[in-house]
Every structure is written in C-alpha cells, then in structure tokens.
Amino acid sequence: MGSTRCIVHINIIGFAHAVAARVDPSLLDRPVVVAQGVTRSQILDLSPQAFSWGIRKGMVIERAIHLCPDCTIIPPQFDLYQRAMTALYQEVRPFSPSIEHGFADGHLFADLSGTSKLFGAGSDVARRICNAATSRLGLRPGWAIGPNKLVAKVASRISRSQGECEVSLGTEAQFLAPHSLQFLPGATPEELQNLDDFCITAMGDAVHLNLNQLRILLDRRASFYHDACRGIDPLPVGQQHHHTITSVFNFAGDTNNTHQIRGAISLLGTHLSHKLRRRQSMTHRLSLSVVYTGCTSRTIRIPLQQRTNNDRLLIEQVQDVLHRILKKRLRVQQLALRAEQLMQASQQLTLFSKDSQDPIREQNLLLALDQISTKFDGIKIHRARSLAAKGAF
Amino acid sequence: MFAICKSSYSLGWGVSSPKALCRQAKKLGYSRLCITDINNLYGLPEFMAAAKQYQITPLIGAEITNGRQAIICLVQTQQGYSNLCRIISCRHCHPHFDFQHIFKPRHHGILALGSDMNLLLSLRQIGMEPIFDLGLVAQMAQEHLSQQAKHHSLACTTIQHCTTATLEEQRTHLLLRVLHQKKTIQHLTDATNPNPMCPPAPTLPSCPPHHHLSLQQISAKCPFSGPARDLIMPPYSSSHSARQTLRHRALKGAAKRYPSPLTNMVHQRLRYELDIIDTMGFSAYFLVVQDIVCRKGKENKYRRICGRGSGAASLVAYCLHITNVCPIKYNLYFERFLHLGRMDPPDIDIDFAWDERQDVLQEIFARYPRRAAMVCNHVFYQPRMTIREVAKAYGLPESEIKVVTSRIHGLNPQADLLPQLKQSIHLQNYIFSAPWPDILKDAQRIIGLPRHLSVHPGGIIITPKPISHYVPIQYSGGRVPIIHWDKDGAEFFGLVKIDILGNRSLGVIRDTIKQIEASGNRFNETDWHPEEDPATQHLIKRGGTMGCFYIESPAMRLLQKKAGSGDFEQLIIQSSIIRPAANEFVREYVRRLHGGTWSHLHPCLKEVLDESFGLMIYQEDVSRVAVTLAGFSHERADGLRKVMSKKDKIRQLHDYEAEFHIGAEKRQIPTQTVREIWRMIMSFDGYSFCKPHSASYAKVSFQAAFLKSHYPAEFMAAVLANGGGYYSTFAYISEAKRLGVQIEPPCINHSQVTWTGKNGRIRTGLLAVQGLSVKSCTTILLARNQRPFSTMLDFLSRVHPNQSEARSLIHAGGLDCLSCSGNRTELLWDTAHYFYIKKNKKQATIPSLFPPTLPAPPQLKTPSFLKQRRREFKTLGFLTDCHPLSLCTPSGQQRIKAEQLLHYAGQQITLAGWLIAGKLVRTKKGDPMEFLSFEDETAAFETTFFPGAYRTYSPLLEKGRPYLIRGRVDVDFGAATVVVEEIKRLG
C-alpha cells in the first residue's frame, strides 16, 4: 500500500472569509476578520489582506483593530461553513471513497491511491476538484499532494502562495529538510522554542539527531518529531476514533449570567442525549469543558453512577457541577459536553432504578421527542430552561 | 434622638462617609449620632470633625464582632474610650478572641447593646449591664424576644440602625458586598438590603416601659463625646529633666560641629531654639529622635542618615546629629519648623538606607514595647483599582482589564467615566462593548470609598502609656503594629509622629565607600566637602548626574545644563523649583541666573526673595510673603502654606485669597501686583519643598555626584546593586559605559550575588540573570568557595539548579568559562542531557550509586551572533559589549549621533534612539503631550512630543525599544532637546 499512496490535501485559505465573501462580494479583497463582536473575542479566521496587516488567528479583536483600524469584523456563520464543506465534499466524493475533513475548517484530505488508471494523475484530479470548486462554489482552494497526510499538509502550508504542490514518494525528507519546523502540524510553540534554543529550526536540523538524542530534548514527543521530520506518517485517510460524542455551544459574545449558562447546559444535555440515542449508545462518564473569555479553559469530568442516555439525568449531573464553573470569576464563551466511555444501549430496563420517575413513561416520552426531532430535521423541542441560552451549536 | 450608623470605614460594608452621615442626620433632625464601625475606629477623626461642622454631638462606639456574634459598644467615659481601644486592639491582635475573657477587665465605661441573648447574659456575668436592642431584630420577632429579655431581666431598647445615609446608596452597598466577598455581579441580589437613615420617630416599646429604655435614657448614659486632643509626646526617662539634657547635648554637639569657641550667632540661635522647644514641650521629642539616630548598625558603625523636612532648619537638630546641613550657613528659617503659635505637632523626618530601615524600626519596637506603632494609610478605591475590581466581578479576563486599566491616566472620578475613557488618547481605538458601560457606571459608585489600611512609609508614634490606651492598633500583613488613624488623624488627636524613611541613595553612598575601601583605598568622611569639589561641580553643571540622588531625572538634568552653575546654593534652589506647575518660573529663574534683568514685584519682597532672584521657590516663601506683604500672622501664614498641599483646597483658598488681597491693599500695594504674587503662590499647586528639606537633599546629591565623578565603577555598581532609581538597569549600564567603565558579563566563577565595581570595571552580579533565584546564587558562591567550577557536570552536580535557571545562566554567558569550544549550544545540550538522565534515574527502581556521566554532545550549531545577543538581552535586559541599537539600525541609515546634537541647533535631523524614560504631561488646554528620554551609543537625549505628534505616535511608544526619530533640534541656554515630528520603530 505504501508504495502507491497518493494523498491530496485541499485547503481553502481564509475559509470563513471566503465563504462570507461568496455571500457578500463586497468583503472580497478587504481586511476581514471573523470573530464574535466583542473586543475580547478571539479571531477565528481572517482574509489574506488582514493577514498582511499582521493579524493572526487567535488574536483578540482589540489587538487586530490596533494593527488595522479599518478591518471589518464579521460574526461566524457555522451553518454556512457546514454547507460549504458539504458542497466541497460532494466535489471530491466521485474521486475517492476515502475522504477526511474537519467540521467547518476548509481542510479536506482525499486518498487517491490506486485511482490513476481511473481518473488520471493525482495532480490532475486535484486540479479538477479545485476548478470545480472555483466554478461551482465560487471558492478558490489550493492543493498539495504527498505520499501521506502529514507531507501533503506541510506541502500545502509551504506552497500557500502558489496554491499547488506535489511531493513524490521517496523525496519527502529531502523536501522537508530546508523548511522551518513551524510548518509541522501539531508542533507546539513551546517545543519549537525549546528546539530553537539548540539551533534546531529547520526539519533538516532535527534529522541529524537520532531518536535517543531527540528524547533528551523532547522526551515523549521525540518519536513524533523523529518521524515527522523524515516525512513518515502511517495514519490512513478517514481514520477517526469515535470513542466520544461531543456537543459544543458557543454563546453569542460571552456571558456570566447563571440563567444563560444553565440554559446552555440544558440545551447541550438534550442535544448530546439525542445523539447518544441515535447511535443507540449510553455513556458512563461526561466531561464538561468550559472556554472562558481570555483563552483560559477548564475541563470537569463527571462520572455517572449508572450508564444512561437520558437527557434529564445528564442535565442534572452537569448542573450539579455548575458552581465549579462559576467559581472562576470569568465570563464564559463556549461550553462543550462530551460523552465518554460509550457502550451499547441496553434494551432491558433496570430492575432497581434509583430514579423516582416512571422509567417506561419517560423512555416513551424521549422516543416521541426523538421521532419529532428526526421528522423535523433537528431538535425543535427544548426544555423551557434552554430558552435562556443565547448562542449557537 | 440619635441613630446608630455604619460609616464607609466599616470596610466592605458601609458606603456613607462620616461627613455624609452627619449631614443627613442634621437634615433629618437628629441631635446626636453614633457611628459604630465594625471592629475599628478608623473614621473617628473624620467623624469628630464632621460632627463639629454640622453641630451634632458625637456618640463614640464600635461594633465588635467575632464570627456570628456581635456586640455594639457605646462609650460612656474617657476610661470607657481607652477600654474600647484595648478591646478593638485585642480583637485584631488576639488569635482566639473571646468576649467574656476580653471584656472582663476592660468593660468599665462601656455600654453594650446586642441581640444575641446568650452573649448578653454572659456579659452580665462579668459585671456589665448589657441592653437588648430590639432595633437589631426583625419586627415580627420583637414581641417574642422582648418577652425573653424580660424573662432574663435584661433591659430593652429600640434604636434605629442604618447602613447608608440615603436610599440611593443601596446599590453601592450591594456592589461593595460583592467586591468584598470576591463574588460575581450575579450575586448582587443575594446580599441583604441595607437600611437607609430615616427621620427620628418615637418607637413604641414592645415590652413594659420599666424594661424599655428610651433613646434619651441611652443617650444620657453615654455623655462621652470624644477623646481629648492634647499633644501626646514620646516619653524620655532620665535622671535629669528633658530640658536640661537637651541643652547639655545641644551644646556638646555644637562644640563638635563648629570650631571652638562658639560664635555668638551659634549661641544666640541655640538659646532661641531651645527656649521655643522647651516652651512647646518638644525637648523629650528631640532626645528620643537622637536616641533613634545615634545607634550603631550591623557593622558596629553609625548608620548613614539624612535628617530632612522642616526639622533640618533647626540648629539643635544639627547639633544632635539628627540633620547634616548647617542652618546658619544656609540661612534656614527655624519658624518653618516650630514657632510659639504653632498648634499642630511638627515632625522630624529621617532617612536611613533603604535596607537598614526595617532594623531601625525593629529596634524602636524593642526599645518601646507596646508603646510604639506605625501610622497607617487609609487606602481608598482609586479609579484604576475600582474599574479593575468591578470588571472582575463582571467576569472579564485579566488581559482585557489590563488593556483598559493600564491606559487610564488622570480620570476625574466626579464626571462620567465612559466619555472620559472614550476621549482618552490611549484608548482611541478601543471598543467599549458590553458590559463595559455597566462596569464603569458601577465603578463610579465605589470610587473614593475606603478599601483597606496600609503602613505609612515612615510615620511612627511613640506614646508614654501603651499605645492602645489612645488608639486601637492592629498588625499589618508584614506583622508591623499600626494605629487605626492615618497621619492626619494622628495629628488631629495630638499624636506626634517621627518619620523613619528608607532612602536608596544612602545605601548607594554607603556601598560605594565600602567598595572603595575594599579596594585598599582610604576614604576620609570627616573632611569630606563634596560641594567644594570642582570635578563634582563640573559633573553637575553638565547634567551628568544620572544615578545621583534627586538630580537624575531628565527635567533636573536639563535644568542643571541650562543653569550651568554646579554650585550647592543653586542646587538647593533647583531641587525645589522643579515642580509641575512652575515651568515658566523655571525658565525665568534660568534667565535671571544668567544675568537677565529683573526687579522685585514689590520692594517689600526684597528681604524675603532676594536670594532666589525675586521668585518664590520654597514652601516657607508662601508664609513669609503672606506675613510681609499682607500682614498675616505666623500662624495664619502657616495655615495658608498647609492648605496649598490639601486636596480640597479650593474653598479654603478662597478665604485666604480674599484675606491676602485685603491685607496687601491696606499696605497700598497695587491690585495687579497682588494678583501676580498670588499667581506665583498658586504655582506651588501642593507640590514643593521647604528650603531645609532641599538643602538636606542637595547635600546627599552632592555626595553622590562626588562619588560618581571620582569612582564611577564603584558608584554605578552600587546604583545597580541598590536597585530603584529613575531609570532602568539598561540605562544605568549605558551610562556606565559612557563613563568609560567596562561591563563584564556574569560568571559563575567570578561574579558576586550582586553588582560589584572596581578599578574601572563592573562585574554583573548573578542576581541580574533573569530567573536565577537568590538561593541558587548563594549556593553557587558557597560551592565556588570550596573550588572553582571546571565542567558543566561539575557545576550542575554541585549547585543543583533547576533546568530553566541553568539555561538562563548559559544564555546570559554566565557559564562561558566552562566551555572549551565557546559553543553555548553544547552547554545547553549537556544541561538537557543531565536533567534527562536525572529524571530517568528518579523513575528507575534501583538508584545508582554513581553520579551521572555525560557523553560528548552531537554536532550542534553555534548560535549566530545576533541570536546570541538576543538571548543575552532577554535574560539580562542589556548587552555587556555593545549597544543593542547598533544591532537593529539598518547599515545604510543616515543618522546623527546624540552627542552631536548641539551642533545642529534649529535644524532638522534624524537619529536613532532607545526609549529609556518618559513623562506624560498636559498642556494648559488639557491636551496630553510627553517628554521622552532616549539614548544612542553616544549619549542620552531628551525629546518633546507636542500634542499633535503625541496623538499620532503614542500607540507606537513603548519603553525599551529602538526608534528612528526625525525632528528639529531646539537649544535653550546650552541644553539641546529634539522636538519630534516623526518616529518609526526599528528592529
């Protein structure tokens, strides 16, 4: 398999801006940043023009305005991004059965290995996909081809300005050697700083050290750098682990209003339990992650006494730890509720339920709600408490 | 009728000032008011003054709480007041406070009110007659509780308790509770609602009248309306009287200070001063101060001191070696310190070296156990602090709060904050999105309320009886006893303070002399007259005084350059004339000094202002002019001088101005002249020195300048070692380099913990390396004393630094002596390898008997020259061998050097500069502008950013960064400054 691998990485630079500009062409060729409208929000995406002003992803709006007072701030539109990603996916789908893409980030991997006789060379396919995306979707993606996902992604980053790049099998290490370690996906700023202290700044510098020597500098992360700098990445396209299910709620701006936060938890609980029931799964542990304003975050693990996919039980468990979130006197921007330790839902009801409510009646109610939700394509029935929450999934 | 209130001094609870409570009480028709703040008497002086102003009889008290228990103590007698002070002190100082135990020996003269039946009964057991206060309980429970009180034979009363003066302050109270408890704004509704002050109304007793005491009866039981305000002096015990001892010591001291026999002038002045001191009862005070000053320090040497303030005008103080400037030689006005009409207690200020001050204070506490305590500062919510705390309650992150609070300058808390911030030049692009408008509105309610106590920088009170007899005490965070009143409060109640202050420059002078002597040179201080030394005078007149006490600021150095005199008398004038509102007078002074024509505004002023070229320079000039020109009494003139330094002076000044005009017109002085003189008085604007103070400081300045001109390496090393100062370490290093001193990098085999200077070289101390702890520095020195370090492994295994410390040392060049190849990357590799082995060994189950060995490192690149310098700069904050500007200026850039500025007078120039200091000021129109100091490789230079340029470039300005500056050279009296037109960031 290794000898015939051909992975293409499609990347729409400034995806959120590109999608917004498709809807509103006046945003084209202007410094635009995508962020929630309060000064302390972080920048989620930006246009190339904004990039040239020194603005970067993750910066707070206040700093961006300081750098470029004329930049336009637009709010994120996740539903639009999702639609654009689906459309892009549809363009790639005819060429490969193995596709991997993020939620709404403009990145997509497709495994074209063994398809050359069907569709032609990988680079031709990549061009065809990009041309189709440009003509039909109005988005201009760039592409890069490599023998694995890592090399394809690095090549995509390096060739950002040209928009296309191909790295052939056997030349990975040679291709990567002169380039900065900063292009490596997954390299943290702390690790890069540490390596810089030892004058190891390019991937080629790291190749001179063997695994044991790299361990002295990077300890457990040594093997990642050892392989990555040599262009080794065995992970196939599309391999995703589904050991957890997550629901994320973004507040409109940020809040420290207890009612709003309770409402959001209620909404998340309903959403997550619905997902669990659809997958016929139950969870034995929840994990609540809070992103506070100012980039700090916190995760609280909530072990459940019994496995469940009942939204009332999930919400009750999460509400119990709410005081721990509010203890930190910071406004909340995002809540994420993750169901962990998943297992197949049992059809059998427990004989010794500690719950005072009638389980059959409640299960029937949930079933009815699920049916309504499925019928109306999304959850339309919420708990009254959820109404306080202002924001979006 | 009276009410019991909590004032804003009930920290985190009350919101109305004692003055506001008195005003409201008067308005509502109360004749008496009782303020019972929680466990304190912080607001007593303000309460007494306000009660006098609004003609309300004060009833003194406090609420003593312990956990959930609380008792209101009302003072009945003077003894009761002392007992209350002791009880409050115990409440603060005893870790296990118990009502019965503490009240038993201290309850006389105190009337206790409360609603805790058990507590009241336990107080009755120790002989008190507590009263059950139905005003403290809910109305529906009153009936039941009054029956219970009757059952226990406790008398009852119903008093109105209020938390705020008015209903409008309700939200302020709730907000304060939220801030105090560090909760979020969501908890605002959880707090209990406060009770505003209501009009007096007869309360119907809920129990039979013979059990119910009326307000009049309670009031009659507490006739005490405030403690006495007599002067309370420090005690002096000796077999002879304080008067005799002082006379004897003053004469003995005079014999040492002046050649024998003493002149008539000295005799007369001594006699005059001693008589006044004796009449005013200050003899003991002088002797106690002398006792404090004339003690030997750690190295069995007398401590270096600088007696300053108005006390330096006293010849007696000079003879007792409390001060160092001869008041006769420099014509210092004794009446500024003490005169027979002076009602308030003057104090003597003494500076000690900053690192010796704590020892001095500890000696005083040991010498006067329980009779000495520091004066406190009442710290109020300031705009910046308040906005910060309210924003936290609103849940904003630290980073965002800092963006706003770090750019707040000169806010007027009376006006709306939001428009002011929006108009601020520093926040011009900031979007005040929600919840900022709410935050600012709420912050405005809180600004000005008392927040906490801190320790006064130097004021110490010594009393004849235990101090808690006069005022409650508590301990500060640093376990220093502090009284409950600030300096004004202490003065109000006649407590005389001594100011023991810390001064870094005294430490600098001490350490410089120590280093000179350690190099084998002899330094004779007995015949040391730096003010007569030509080299020192030359240094001062060319403004080369960076690092010298009090005369190192850019404004002061410019003034010295313009004055070009360098003599002691002029320096005394210059130290005082440099003040914010006196720019035009500074210029006029320089003009007149250089021979410009001038005449006195009125011939009467000749005797007062002749030595200062007809300008008012010193604080006492205000009093003296008021006496001479407008016929003020000494007391009234002194009052005018004091009002100048008060914050709310406008109303009081109005009266003085009218009196000044009337007095001057009686002497037929033209109205225009009077107006001009009054304008000159107003230029003091609450900030100026008296001449004795200026002279004392000038003496220290001259000593520092002398050492700088003759022993630059030793002096600059001491400046760096003692820290502080106007400039950064970076700027002092550059100054040392300009003086021709060689800066050596830190070295584990040669550096001391701190900076050392010797024979034209300064060795960087280990502590200058960022991230290196004092403990590691000490370990390095101890290990080195056994044998020098030879290899990296030797260093790591003997010192055991943590990895980041070792890395910092490598980046700073401190371990270069251990590298044969000079490649710092190899040193870093050895360090990483050592810690990797150490970590894995820890994880190994069987520990190794042998120390780790390090194999040779792999082939590693040497960091580039620029990268190495960048790391050095990051860890040290400066470069030892070159100026960072030379590394970040483009090679083809045409620029002139700062040392050549004078040759380009009036011309447009471009030069590169490293920003080292700045001072933000406002024009007469209120527009902000800034004076910034830069330096290049050759000299430091001053620039002016007028409002236009400042508005454009202020977002670019950041200390410790290089810039390319374009502007016009302005030369005034031989001093060059650059008026900036354009600025760009470099590097």
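User: Which residues does Val75(B) touch, not counting residues up to four places away in sequence?

Analyst: This is a predicted model, where local features need pLDDT of at least 70, side-chain atom pairs count only at pLDDT 80 or more, and totals for chains, interfaces and linings use all residues. Residues are numbered from 1 along each chain as its sequence is written, chains are lettered from A and ligands numbered from 1 in the order in which they are written, and side-chain values use heavy atoms, with hydrogens and water left out. A contact means heavy atoms within 4.5 Å. By that rule Val75(B) touches Ile60(B), Gly80(B), Tyr81(B), Leu84(B), Gly109(B), Cys222(B) and Phe224(B).

User: Is Val75(B) buried or exposed?

Analyst: Val75(B) is found in strand β4 (residues 69–75) of chain B; helices (H or I, at least four residues) and strands (E, at least two) are DSSP runs, numbered from the N terminus. Buried means under 20% relative accessible area, exposed over 50%, and partly exposed in between, with a 1.4 Å probe and protein chains only. Because its relative accessibility is 0%, Val75(B) counts as buried.

User: How do α4(A) and α6(A) lie to each other?

Analyst: Helix α4 (residues 78–92) and helix α6 (residues 122–137), both of chain A, pack at an angle of about 135 degrees, with their axes 10 Å apart. Axes are lines fitted to C-alpha atoms, for helices over the stretch in contact, and angles run from 0 to 180 degrees between N-to-C directions. Angles under 35 degrees count as roughly parallel, over 145 as roughly antiparallel, 65 to 115 as roughly perpendicular and the rest as oblique. The angle therefore makes α4(A), relative to α6(A), oblique.

User: How many nonpolar, polar and charged residues are in the contact of α4(A) with α6(A)?

Analyst: Ala87(A), Leu88(A), Glu91(A) and Val92(A) in α4(A) meet Ile129(A), Ala132(A), Ala133(A), Arg136(A) and Leu137(A) in α6(A). Ala, Val, Leu, Ile, Met, Phe, Trp, Tyr, Cys and Pro count as nonpolar, Asp, Glu, Lys and Arg as charged, and the others, Gly among them, as polar. By class, the contact has seven nonpolar, no polar and two charged residues.

User: How do α14(B) and α15(B) lie to each other?

Analyst: Helix α14 (residues 383–393) and helix α15 (residues 398–405) of chain B have their axes 10 Å apart and pack at an angle of about 155 degrees. Therefore α14(B) and α15(B) are roughly antiparallel.

User: How many nonpolar, polar and charged residues are in the contact of α14(B) with α15(B)?

Analyst: On the α14(B) side are Arg384(B), Ile387(B), Arg388(B), Ala391(B) and Lys392(B), which meet Glu398(B), Ile401(B) and Thr405(B) in α15(B). By class, that gives three nonpolar, one polar and four charged residues.

User: What is omega for the cis peptide bond of Ser260(B) and Pro261(B)?

Analyst: Most residues other than glycine have a negative phi, and most peptide bonds are trans. Pro261(B) is in the loop between α9 (242–257) and α10 (264–280) of chain B. A cis peptide bond joins Ser260(B) to Pro261(B), with omega about -10 degrees.

User: Is Arg479(B) buried or exposed?

Analyst: Arg479(B) sits in the loop between β14 (473–475) and β15 (481–483) of chain B. Phi of Arg479(B) is near 60 degrees, a positive value in a residue other than glycine. Because its relative accessibility is 56%, Arg479(B) counts as exposed.
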